[in-house]
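Hello,

Here is the model we talked about handing over. Please open it and keep it beside you while you read the rest.

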Amino acid sequence: MRALKGVSFDLHGGEVHALLGENGAGKSTLIKVITGAHQPDGGTIEIGGQPVRHLTPAAAHKLGVACIYQQPALFPDLTVAENIALRLEPASPTRRVDWPTRRERAAKLLHQIGADISPDAEVRALSMPEQQLVEIACALGAGARIVIMDEPTASLTQKEQHLLFAVVKDLRASGVGVIYITHRLEEISQLADRVTVLRDGESVGTSAVSEMNEASLIKLMVGREVSQIYPPAESEPGSRVLALKNLGCVAGGVREVNLEVRAGEVVGLSGLVGAGRTELARILFGITPADAGEIFLNGEPVTISSPQEAVAHGIAYVPEDRRRHGVILEMPIAANMTMAIHPRIFPGAWLRFGAEQQLALDFIRDLGVKAYGPEAPGNSLSGGNQQKVSLARWLATKPKLLILDEPTQGVDVGAKSEIHKIIRQLAKAGLGVLMISSDLPEILGMSDRIAVMRGGTITAMLSGKSDAHDVMAAALGQTK
Amino acid sequence: MNTDKRGFKSILLRHETILVLLLIAEVLYFNAAGRRFGTLDNGFNIVRHSVEIGLLALVMTPIILTGGIDLSVGSMLGLCAVLFGKLWRDAGLPPWLAGICTLVIGAACGGVNAALITRLRLPPLIVTLGTMSLFRGLAEAITQGTDAFTNFPPSFLFLGTGRVAGLPTQAWILLFVIVAVWLLVHRTTFGRSFRAIGFAPEGARYAGIPVERRIAFAYVLAGVIAAAAALTYTARFGTAKADAGFGYELFAITAVVLGGTSIFGGVGSVHGTLLGVAAIAVLSNGLSRVPAIMNTASELSGMLTGALLLLALAGGLLPKLFAARAKQSASSAAAK
Amino acid sequence: MKRHFRELSVACALGVLLLLLALFAPNFFDAQPLLSRLTAAAPKLVLACGVALVIISRQIDISIGSLFAVCTTCAGLVAAAKLPLPVAILASLGVGALGGALNGLLVAGLKLQSIVVTLATMVTMRYALLLSQQGVLINLPPGAQWFGLPMTAGQFTVCGIALALLVLLAFGTKHLAAGRFIYAVGSDSEAARLAGIRPQLTTFWVFVFMGALCGLAAVMNMVQSPQADPNGGRGLELEAIAAAVVGGVAVSGGRGNLWGVLAGLLLLACISPALTYAGVKPYWEKAIQGAIILLAVVADGVRNRKKRN
């Protein structure tokens with residue numbers, strides 16, 4: 001699959017250029033190309049008017065490209081001053097370390113961006129936004145001409161946001177070009193000079209911010225025909241499977257969630273990356289247990305403090321990170337499929353290879369898994385088939401509530417529509433399905449109702465007949 | 001056949017084939033060059049001498065499958081031996097009751113490791129390094145460094161020197177543990193869980209496997225079996241001293257890794273471990289039967305064991321290298 | 001202050017222990033026995049410093065006891081062959097560095113786990129040594145003991161070497177870029193790579209350095225007796241690792257301080273005399289050492305857990 005098809009993008013010194021797009025529109029791939037982490041297979045890159053070939057991370061660094069990722073790449077055990085120094089000083093081992101200079105430089109850079117962080121603080125003791133500020137200080141210290149910020153405000157408080165905006169404006173005033181990636185439309189009008197919208201790996205428009213309003217931006221972002229045909233809803237919603245009352249979890253950043261899922265319906269859970277959707281799923285599955293609110297399953301109040309309890313209550317969770325959490329890649333798919341039902345299929349803990357084989361063969365047939373057999377290890381399968389194995393593992397538990405987290409991410413088109421059909425059939429068979437997805441057409445095409453999350457809570461419940469604009473607007477925090 | 005294994009059939013088969021060939025070569029050579037090597041008595045001798053290492057290696061296998069390690073098994077053996085002596089001589093318990101108490105003590109020692117590793121999420125390496133020192137130290141403290149328990153009744157010594165149905169008594173214990181651990185690892189959901197945890201601890205958690213409980217089980221089991229090994233050891237030598245089983249953890253780990261179990265977790269088998277134990281035991285016994293090197297046999301066998309481990313480590317890398325290369329060429333072909 | 005909390009608490013524990021000894025057993029501080037104790041501990045300090053660096057880079061080395069014995073034997077053989085002492089010292093350092101390079105090559109080059117690699121080299125070297133020497137002590141020429149100095153001067157020299165090394169290393173790990181690279185690699189090797197540091201190369205050199213320190217410690221130990229003992233060094237790896245861990249070097253890498261290692265080593269070294277004076281049988285020494293190691297590890301674990309929450 002191509003992540004980028006045709007992108008034209010230019011950045012002037014002394015401007016803030018916002019990059020906007022849905023999840024998966026190709027923003028992160030574009031960043032990787034600019035920072036030299038990925039090689040483009042077509043087109044040209046020019047930096048400072050010079051065409052650049054074979055951009056590597058080191059070369060990009062030399063040319064003054066700096067990137068502040070959402071997850072800072074810092075040394076947790078070392079001080080802020082040293083973290084900054086290790087990035088800026090030459091990597092020659094015989095050099096004498098000049099601590100006063102290190103500290104002074106760090107203090108100066110931190111002061112410059114208005115960050116109230118001690119140069120002697122250990123990075124592991126800093127909050128995520130503080131770590132981002134340290135990254136910005138690194139970029140500033142490296143004398144970067146191009147600074148890329150990937151959703152820098154995602155985890156910042158209001159005060160920290162203002163600080164950051166001031167830093168970005170300072171950078172602009174000093175002639176630095178800033179590529180600013182964000183999901184928050186209001187930030188664009190406050191901060192950016194120009195904006196480019198990406199959609200499906202293509203740039204669909206660049207214009208001055210003054211010429212755009214929020215409505216026209218949303219239209220550009222979602223302006224696509226739903227090209228795929230989704231299976232129609234056939235079932236009437238039945239009894240209430242899941243009800244959440246003011247559910248919250250401090251560690252997961254989720255608060256006051258109220259939600260209902262009925263038997264036989266697919267509830268889409270939409271929202272931007274970092275809105276708390278996966279965190280909500282992890283609470284329901286007992287990985288980070290809730291510390292506030294109530295969970296009702298089939299009307300009964302329950303507490304879920306471990307995945308085993310969740311499974312016992314009839315909750316199944318097909319996780320987002322298929323390769324790390326969904327399937328154990330080194331193990332055969334039959335073993336993967338029975339992994340969540342050990343007590344049931346293997347009474348007394350004795351493996352019954354016949355029963356396992358049969359179950360695996362049934363699922364391979366029913367879900368159309370393409371593999372050479374039940375013994376094929378997970379990593380011999382394509383992404384879509386791995387996803388089916390992950391799904392089979394959880395269907396085997398005969399759940400009442402099925403939580404799907406990005407069920408078709410990184411899955412090819414054919415497998416995608418097969419998975420959609422399966423989801424529909426499951427709902428028809430009486431399961432309550434909660435489907436997290438960043439794929440807007442998928443949410444719209446599959447959901448009977450759509451819950452939209454923002455800032456750790458559900459901010460809107462929309463009907464399944466809503467259009468893309470409504471969902472995107474709700475996810476971006478726009479009220480009509 | 002075992003489902004868990006087929007995916008790595010080629011690698012394991014190769015590894016185990018090499019071990020079997022090595023074993024055959026050893027037997028053939030020592031039979032030709034050694035004096036009275038190929039006798040039944042000597043066969044029993046080999047078994048008697050390798051029971052303790054064998055027991056420890058067997059229970060080390062599940063632990064290493066989960067990606068952990070237990071350096072304290074040798075010290076647990078020592079502590080259990082001493083406490084057994086104490087219970088029998090000073091507390092006046094009959095040997096069988098003292099033996100049962102010893103097994104419970106072993107479980108408690110393993111429980112200490114398990115609690116520190118699963119509750120506080122400390123790395124197994126450093127935890128068991130600490131308990132290795134602690135358990136051995138306790139054994140020394142209890143015996144005041146020099147005290148040795150001897151004069152056990154013949155009924156107990158029978159465990160280490162007698163024969164039951166033609167086989168050395170402790171061979172039956174070893175056989176029982178072999179079957180039990182083999183079934184555990186290859187035929188129960190526990191074995192599945194160990195592998196899953198070794199491959200991907202987070203993935204196992206997301207699959208609803210009680211990761212902490214399974215890991216704890218492996219370490220407690222190691223404690224119980226180390227206690228059993230303490231009993232056979234004491235019965236074989238007729239004395240219980242604080243230095244019992246000193247350094248055995250190293251031989252146990254060597255046997256496991258030699259048997260093809262990956263120290264990164266997930267991959268491995270109990271029969272591989274057995275082959276590893278056998279290769280070491282036959283080597284050590286055989287060298288002592290070859291007249292020319294009889295006097296330096298134990299040193300030579302120790303050195304060769306270490307060298308074998310190095311070879312196994314480097315050899316275990318080869319399939320990975322090939323796989324990586326194949327993957328690389330496949331992906332570059334796909335890119336084109 | 002907060003940053004060195006761990007080291008300071010160990011130093012405090014050591015201070016309290018010394019104070020108790022001063023109160024209840026003042027003859028612990030008699031010059032000659034104290035000097036002897038310190039001299040005996042000096043080679044261990046050298047090893048503990050080395051292993052601290054290894055642990056800081058997020059590796060482990062349990063072969064140092066065996067390598068120590070190999071170096072002792074080499075130095076002893078060279079000295080016994082009537083070659084001048086500096087040649088023996090160089091031989092010891094060289095052989096140590098070579099052994100360390102072997103470990104480093106296997107760990108950094110082949111990316112094998114350091115625990116099994118050094119387990120294998122530990123066993124191999126130990127038995128190879130037994131095989132070649134049959135455990136026979138090597139008689140040293142008279143000029144070798146105490147570097148040919150009078151005993152007290154020799155003891156001061158040995159302690160002085162250890163102290164100088166400690167100061168040098170403490171300085172190097174703090175003020176030399178190479179020293180900081182070790183911390184960086186141990187803290188996050190991927191971030192280190194992004195910062196232009198080569199993690200595998202750093203790891204390799206740490207193991208080589210560890211080996212050379214084994215050679216140095218072997219010489220410092222050898223000159224204390226009229227014979228070189230090819231059976232020596234058993235369990236030294238545990239003592240060195242224990243000193244490092246008790247001294248606040250985190251097994252998760254990237255954290256630790258050599259002054260803390262000194263405090264940890266002295267604390268562990270003072271236990272047995274303290275026990276003797278307290279009337280406790282010395283057989284408890286090892287158990288108490290184990291308990292202290294566990295205590296240190298548990299303390300770190302609890303602290304990390306609190307920080308996570």
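Below is what came out of the analysis, going from the chain contact to the domains and then the salt bridges.

This is a predicted model. Please read every value below as computed from that prediction.

**Chain C against chain B**

How much area do chain C and chain B bury between them? It is about 3,700 Å². Carbon and sulfur atoms make up 82% of that area. Chain C brings 38 residues to the contact, and chain B brings 42 residues.

Polar contacts come to 2 residue pairs, both at pLDDT 80 or more. On the chain C side, the elements giving two or more residues are helix 5 (114–133), helix 10 (236–246) and helix 12 (285–308). Helix 5 of chain C gives the most, with 13 residues. By class, the chain C side has 28 nonpolar, 6 polar and 4 charged residues.

**The two domains of chain A**

Chain A splits into domain 1 (16–222) and domain 2 (240–475). Their C-alpha centres lie 34 Å apart. Domain 1 of chain A puts 9 residues into the contact, and domain 2 of chain A puts in 11 residues.

The area buried between these two domains is about 850 Å². Carbon and sulfur atoms give 64% of it. Between domain 1 and domain 2 of chain A the rule finds 0 salt bridges. On the domain 1 side, helix 8 (residues 214–222) of chain A supplies the largest share, 4 residues. That side divides into 4 nonpolar, 2 polar and 3 charged residues.

**Salt bridges**

Side chains of opposite charge can pair when their charged atoms come close. How many salt bridges are there over all chains? The count comes to 35.

- A:Asp10 and A:Arg194 meet at 3.3 Å, N to O. They sit 184 residues apart in the chain. A:Asp10 is in the segment before strand 1 (16–21) of chain A, and A:Arg194 is in strand 7 (residues 194–199) of chain A. A:Asp10 is partly exposed, at 35% relative accessible area. A:Arg194 is buried, at 16%.
- A:Arg172 pairs with A:Asp193, with the closest N and O atoms 3.0 Å apart. The two are 21 residues apart. A:Arg172 belongs to helix 6 (residues 158–173) of chain A, while A:Asp193 is in the loop between helix 7 (185–191) and strand 7 of chain A. A:Asp193 counts as partly exposed, at 30% relative accessibility.
- A:Arg449 pairs with A:Glu265, with the closest N and O atoms 2.8 Å apart. This pair also links distant parts of the chain, 184 residues apart. A:Arg449 lies in strand 17 (residues 449–454) of chain A. A:Glu265 lies in the loop between strand 10 (254–262) and strand 11 (266–271) of chain A. Is A:Glu265 buried or exposed? A:Glu265 is buried, because its relative accessible area is 2%. A:Arg449 is partly exposed, at 25%.

The network links A:Glu82, A:Glu89, A:Arg95, A:Arg102, A:Arg105 and C:Arg180 through salt bridges. Its members come from chain A and chain C.

Best wishes

Definitions and conventions. Residues are numbered from 1 along each chain as its sequence is written. Chains are lettered from A and ligands numbered from 1 in the order in which they are written. This is a predicted model: local features need pLDDT of at least 70, side-chain atom pairs count only at pLDDT 80 or more; totals for chains, interfaces and linings use all residues. Side-chain values use heavy atoms; hydrogens and water are left out. Contact means heavy atoms within 4.5 Å. Buried area is the accessible area (1.4 Å probe) that two parts lose on being put together, summed over both. A polar contact is a pair of N or O atoms within 3.5 Å; within protein, one must be able to donate a hydrogen and the other to accept it, and residues adjacent in sequence count only if both atoms are side-chain atoms. Ala, Val, Leu, Ile, Met, Phe, Trp, Tyr, Cys and Pro count as nonpolar, Asp, Glu, Lys and Arg as charged, and the others, Gly among them, as polar. A salt bridge is a side-chain nitrogen of Lys or Arg within 4 Å of a carboxyl oxygen of Asp or Glu. Buried means under 20% relative accessible area, exposed over 50%, partly exposed in between (1.4 Å probe, protein chains only). Domain bounds come from an automatic or database domain assignment.
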